[in-house]
Amino acid sequence: MAESIVVKSPKKHVNLFYSLDCEELANNVASHSQNNITLQNIKWRSFADGFPNIFINNAEELRGQHVAFLASFSSPAQVFEQLSVIYALPRLFVSSFTLVLPFFPTGSFERMEEEGDVATAFTLARMLSNIPISRGGPTSLVIYDIHALQERFYFGDEVLPLFETGIPLLKERLQQLPDADNVVIAFPDDGAWKRFHKQFDNYSVVVCTKVREGDKRIVRLKEGHVSGHHVVIVDDLVQSGGTLIECQKVLAANGAAKVSAYVTHGVFPNQSWLRFTHKDASEKAFAYFWITDSCPVTVKALANKAPFEVLSLAGSIANALQI
């Protein structure tokens with residue numbers, strides 16, 4: 001019986017547009033692409049009343065081409081102008097259209113706890129599900145470490161969500177540490193454990209949990225051993241950072257030699273990242289704090305500030321654009 005051979009298709013050439021916040025990330029993506037990505041420009045202007053006045057350069061030359069847009073919904077005000085471009089690009093007779101939205105910002109608002117709550121994760125998913133179909137078919141939508149896996153079912157059949165993860169970047173970085181053999185992975189709650197534990201089969205794992213004591217919710221060590229280990233807390237995102245700080249205190253109290261943290265999305269509203277910076281030697285609660293560049297505004301603010309290190313998604317995005 002003849003053995004079947006899978007013939008690899010030649011790499012496609014992609015015209016990549018991007019939001020203003022994503023310019024540096026877009027350049028890094030292009031540098032990983034082996035000349036398979038051409039960066040394209042958009043004139044982001046506004047009328048006197050503040051509404052967008054946008055122009056897509058080289059629109060006619062995009063006919064029959066593969067096109068992608070790198071988005072950053074870092075604030076509600078930016079969503080409308082970027083959606084205007086996202087809805088327009090597939091209509092330019094392009095061969096295919098891919099939207100890369102590294103951080104799905106409403107992902108943590110995915111459920112209703114009482115009548116009247118608005119699940120804005122579903123709202124944004126519906127907006128993205130209405131992206132026009134291009135000549136090549138539905139839009140490919142690339143998202144990294146969405147907050148809840150069930151959110152994939154919020155999207156309609158008009159888009160094809162591709163859910164990627166930044167965890168391989170973390171695992172690669174952990175292998176470079178001088179104490180790589182002494183690393184233990186910690187999850188700040190059961191949700192993070194469910195989300196990520198299968199990606200750390202080769203590591204010992206620790207799980208923290210929140211218990212209610214009176215009016216307070218206290219972080220406790222639920223299972224696992226940390227004494228003498230370099231413990232790395234893993235979660236999908238950070239906002240104020242309160243949970244990570246409480247988790248660090250518990251791990252240190254149980255004998256952890258060092259504590260570090262990784263989140264794919266460093267949101268840090270109101271400069272809450274300042275709580276983690278190394279002002280002096282006595283305040284080094286976290287040896288390392290790794291984030292990706294999914295939130296570019298945060299990346300610019302954190303440049304060269306210990307303990308933060310940025311693990312870039314650029315190579316992973318370049319690969320995703322070839323799918």
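Contact, as the term is used in this tour, means heavy atoms within 4.5 Å. The model is predicted, so that local features need pLDDT of at least 70 and side-chain atom pairs count only at pLDDT 80 or more, whereas totals for chains, interfaces and linings use all residues. Residues are numbered from 1 along each chain as its sequence is written, and side-chain values use heavy atoms, with hydrogens and water left out.

**Stop 1: helix α6**

Select residues 242-253, which form α6. Helices (H or I, at least four residues) and strands (E, at least two) are DSSP runs, numbered from the N terminus. α6 has twelve residues and spans 17 Å from its first C-alpha to its last, close to the 16 Å expected at 1.5 Å a residue; the expected span is 1.5 Å times one less than the number of residues.

Next, colour L244, I245, C247, Q248, V250 and L251, which are buried. Here buried means under 20% relative accessible area, exposed over 50%, and partly exposed in between, with a 1.4 Å probe and protein chains only. An α-helix has 3.6 residues a turn, so residues three or four places apart point the same way. The buried residues of α6 pack against β9 (183-187), β10 (204-213), β11 (216-223), β12, β13 (258-266) and β14 (289-292). After the helix comes G255, with a positive phi near 100°.

**Stop 2: strand β14 and its partners**

Move to β14, where F289 and I291 point one way and W290 and T292 the other way, and all are buried. Two strands pair if DSSP finds at least two bridges between them. β13 and β14 run parallel and are joined by three bridges; V263 has I291 as its bridge partner. β14 also runs parallel to β15 (residues 308-311), with four bridges between them, and I291 is partnered there by V310.

**Stop 3: the largest pocket**

A pocket is found on a 1 Å grid over the protein atoms alone, as an open set of points with protein on both sides within 12 Å along at least five of seven lines; a cavity is a set where a 1.4 Å probe fits but cannot get out, and lining residues have an atom within 4 Å of a point. Grid points are joined across faces, edges and corners, and a volume is the space filled by probe spheres set on the points.

Select S108, H147, D189, D235 and D236, which lie nearest the centre of the largest pocket among its 29 lining residues. The volume of this pocket is about 830 Å³. α5 (190-196), β12 (230-238) and α6 each supply at least two residues of the lining, and α5 gives the most, with five. The lining comprises eleven nonpolar, nine polar and nine charged residues. Ala, Val, Leu, Ile, Met, Phe, Trp, Tyr, Cys and Pro count as nonpolar, Asp, Glu, Lys and Arg as charged, and the others, Gly among them, as polar.

**Stop 4: the second largest pocket**

Select F73, S74, S75, P105 and V267, which lie nearest the centre of the second largest pocket, lined by 26 residues. This pocket holds about 540 Å³ of space. Its lining has 16 nonpolar, ten polar and no charged residues.

**Stop 5: the largest cavity**

Finally, select F103, F104, G107, Y144, D145, I146, H147, D236, L237 and H265, which line the largest cavity. About 40 Å³ of space lies within this cavity.
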